[in-house]
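Me: I have a protein model open and would like to learn how to read it. Could you walk me through it?

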Amino acid sequence: MRLTVLFTALASTPCLAEEPNNAGAGPAATVSMDHSTFIPSEITVASGTTVTWVNNEAMPHTVVDLIKGFRSKMLAKDTKFSFTFTPAGDYDYVCSIQPNMKGKVIVKPPGRYGFVHMRATPWAMPRLLP
Ligand SMILES: [Cu+2]
């Protein structure tokens, strides 16, 4: 009886609905730079996700978060910069060349993003029980 309640709760847990900008199921996301804009300017990812920025235009850009400590070098066209986000929180960053070129990465704790439903798949549980 208790197990039934647990499974019902897990089945109704939204697993991926809150990260619409994180393409695919793997822990990776991409932000492009074009028209002096980060695209998308705000993304929400699970803890442990590696975000890769790609400059798609001739104008050089940087990715700088002075508070949290990541900083790319100057990114020429088609150059990439990656950073893996672990602590949950909001990461505001800018392009140091154009300080009004801003972006944000929102990092959520991993428990809300699929690890729970993979570990506690209901049809797998009975085989684990004695
Ligand atoms: Cu820039």
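Reply: Happy to; we will go from confidence to overall layout and then to one residue. Keep in mind that this is a predicted model.

Me: What is the mean pLDDT of the protein chain?

Reply: pLDDT is the predictor's confidence in each residue. Here the chain averages 76, with 65% of its residues at 70 or more.

Me: Which elements have the lowest and the highest mean pLDDT?

Reply: Helix α1 (residues 2-11) has the lowest, 41, while strand β2 (residues 37-39) has the highest, 98. Across residues 1-25 the pLDDT stays under 50, and the model gives that stretch 24 contacts beyond four places in sequence. Residues 113-130 are also below 50, with 16 contacts beyond near neighbours in sequence.

Me: How many helices and strands are there?

Reply: You will find three helices and nine strands. Their order along the sequence is α-β-β-β-β-β-β-β-β-β-α-α. As for contacts with a separation of 6 or more, 50% join residues 24 or more positions apart.

Me: What share of the 130 residues is buried?

Reply: Buried residues make up 21% of them.

Me: Why is Q98 classed as partly exposed?

Reply: The idea is to count neighbours: 20 or more other C-beta atoms within 10 Å means buried, and 12 or fewer means exposed. Q98 has 13, so it falls in between and is partly exposed.

Conventions. Residues numbered from 1 in each chain as written. Predicted model: local features only at pLDDT ≥ 70, side-chain atom pairs only at ≥ 80, totals over all residues. pLDDT = per-residue confidence, 0-100. Helix = DSSP H or I, 4+ residues; strand = E, 2+ residues; numbered from the N terminus. Contact = placed C-beta atoms within 7 Å.
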